[in-house]
Amino acid sequence: MRKLAIFQLSLGLSLAAGAPAFAGSDYDGQAEWAQRYDADARLTVSRSTTPILSTQTVAATEAAIEQFREIVANGGWPQVPAGHQLRLGVSSPAVSALRKRLIVSGDIGHETGTSPIFDSYVEAAVRRFQARHGIIETGVVNQQTFAALNVPAETRLRQLETNLVRLRSFSRDLGNRYVTANIPAATVETVENGQVVTHHIAGVGKIDRQSPVMQTKAIQVNFNPFWTVPASVIRKDLIPKMQADPNYLHDNHIRVYNKEGQELQPEQINWRSLDALNYKFRQDIGGDFNSLGVVRIDIANPYGVYMHDTPAKGVFGDDFRFVSSGCIRLQNVRDYVAFLLRETPGWDRDHIDQVIASGERVDVKITPPVPVYWVYVTAWGAPDGVTQFRDDIYQRDGLGVSRAAEMTPPPAAQQAAAPRQVRSEPLLPREDEEN
């Protein structure tokens with residue numbers, strides 16, 4: 001009995017060691033768990049304060065390329081047999097292959113051996129691997145993680161080399177204060193004095209409605225905005241939804257206006273034609289249902305896109321965040337707005353919160369405008385030696401590194417079995433560009 005009790009205590013400590021202990025209440029999808037066992041620092045991926053667009057990132061990516069050239073020269077890493085999920089407590093030859101794979105990429109120490117038992121060390125290493133690849137850190141090797149594990153080392157090397165060119169093009173002075181939105185990572189960071197100030201998980205453009213790569217400036221903040229439905233969404237989304245549900249406009253607080261500004265009733269429109277394109281559709285103000293949430297940020301560009309809040313916060317907890325029609329939705333948007341308005345007189349965080357709470361339409365010019373960079377970077381190194389990879393969701397690397405097929409929202413019958421992998425899109429896209 002005493003031996004059994006000791007074993008159970010040991011097992012309990014081992015399980016606790018692999019359990020995540022996320023710092024803070026605004027967990028943004030990055031791995032930050034306490035080390036409760038004897039493992040080296042390589043098993044953690046902390047939130048970086050180094051901007052992705054920086055000379056430090058360029059240097060770190062160059063170093064990563066040298067490391068990956070050595071890995072490739074030594075034969076790369078083994079494939080992990082994809083089949084049943086691998087998780088804590090599983091015993092399988094596939095776990096031995098998984099250990100060997102993680103050892104080569106530096107996600108786990110070679111001293112942990114090649115046991116077929118999936119223990120807390122392997123779970124922590126899987127979490128680390130997932131954090132480096134933009135996958136929610138469950139510690140479970142599922143289909144998405146298998147796919148990332150089995151991308152050949154040669155392909156990862158080429159991915160780093162391709163993205164080094166992109167990073168070098170931004171190695172110049174970008175300004176003392178600026179914003180970077182990395183589209184493949186679906187993340188946004190604000191930067192001041194060479195350090196990241198805030199991180200934001202984002203929702204970006206769908207594969208067929210891509211967010212553009214551009215350099216621009218944030219020029220204005222619209223508090224409690226109306227949302228005017230753009231023509232592309234009227235054609236692709238609104239008309240089909242009204243054909244299926246005549247109450248759709250009413251249920252979503254969307255009003256119809258003619259060219260004279262007179263409000264019409266939905267039944268006055270022929271929804272079996274393109275007649276709806278002749279009218280203006282505007283959603284009422286309301287943070288709990290308005291597609292723009294409580295704030296929109298205007299950025300100067302020819303694409304008709306912008307950045308904004310959203311009432312559909314659930315998307316920020318998903319791996320697959322390519323859900324918009326080109327605009328970028330922001331997690332913790334109030335922190336983002338506070339950064340943009342920091343140098344605009346009279347707009348501290350308290351005032352921002354008061355205006356949002358009032359529900360009134362207020363427009364504020366950002367003084368001075370803040371540079372904004374929407375970039376496409378799928379692989380990069382960090383000064384702490386961690387190398388990051390993301391899916392080439394828009395297929396711009398030319399290497400085929402994309403799990404888009406696996407990450408397409410599944411049929412309703414399958415969603416209950418995998419609720420954290422994808423989230424089905426609302427009937428009408430919860431954002432979008434203006435006309």
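I took helices (H or I, at least four residues) and strands (E, at least two) as DSSP runs, numbered from the N terminus. On that basis I listed twelve helices and 15 strands for the protein.

I noted that this is a predicted model, in which local features need pLDDT of at least 70 and side-chain atom pairs count only at pLDDT 80 or more, whereas totals for chains, interfaces and linings use all residues. Residues are numbered from 1 along each chain as its sequence is written, and side-chain values use heavy atoms, with hydrogens and water left out.

**Overall figures**

I looked up burial, where buried means under 20% relative accessible area, exposed over 50% and partly exposed in between, with a 1.4 Å probe and protein chains only. By this rule 51% of the 435 residues of the protein count as buried. I then looked up contacts, meaning heavy atoms within 4.5 Å; of those with a separation of 6 or more, 68% are between residues 24 or more positions apart.

**Helices α2 and α6**

I looked up how helix α2 (residues 55–73) packs on helix α6 (residues 153–168), and found an angle of about 160 degrees with the axes 9 Å apart. That angle makes α2 roughly antiparallel to α6. The axes are lines fitted to C-alpha atoms, for helices over the stretch in contact, and angles run from 0 to 180 degrees between N-to-C directions. Angles under 35 degrees count as roughly parallel, over 145 as roughly antiparallel, 65 to 115 as roughly perpendicular and the rest as oblique.

The crossing of α2 and α6 is left-handed, a term used if the near helix is turned anticlockwise from the far one by less than a right angle, with right-handed for clockwise. On the α2 side I listed contact residues including V58, I65 and F68, and on the α6 side residues including L157, L160 and L164. The residues of this contact of α2 with α6 comprise eleven nonpolar, two polar and six charged. Here Ala, Val, Leu, Ile, Met, Phe, Trp, Tyr, Cys and Pro count as nonpolar, Asp, Glu, Lys and Arg as charged, and the others, Gly among them, as polar.

**Aromatic pairs**

I searched the whole structure for aromatic pairs and found eight. Rings of Phe, Tyr and Trp (its six-membered ring) pair if their centres lie within 6.5 Å, and planes under 30 degrees apart count as stacked, over 60 as edge-to-face and the rest as tilted. F68 and W77 are both buried.

F170 is buried at a relative accessible area of 10%, and Y373 is buried at 7%. I also noted that F68, W77 and F389 form one aromatic cluster.

**Helices α9 and α10**

I looked up helix α9 (residues 333–340) against helix α10 (residues 349–358), whose axes come within 10 Å and cross at roughly 125 degrees. That makes α9 oblique to α10, and the crossing is right-handed. R334, D335, V337 and A338 in α9 meet R349, I352, D353 and I356 in α10, and the contact residues divide into four nonpolar, no polar and four charged. Six of the eight residues of α9 are buried, so I described α9 as largely enclosed by the rest of the structure; among them are V333, Y336 and F339.

**Single residues**

I found N332 in the loop between β12 (328–330) and α9; its phi is near 50 degrees, a positive value in a residue other than glycine, and at 30% relative accessibility N332 counts as partly exposed. A186, in the loop between β1 and β2 (187–192), also has phi near 50 degrees, and at 2% relative accessibility A186 counts as buried.

In strand β13 I found P368, which is joined to T367 by a cis peptide bond with omega about -10 degrees. N150 lies in the loop between α5 and α6 and counts as buried at 16% relative accessibility; leaving aside residues up to four places away in sequence, N150 touches P78, Q79 and V80.
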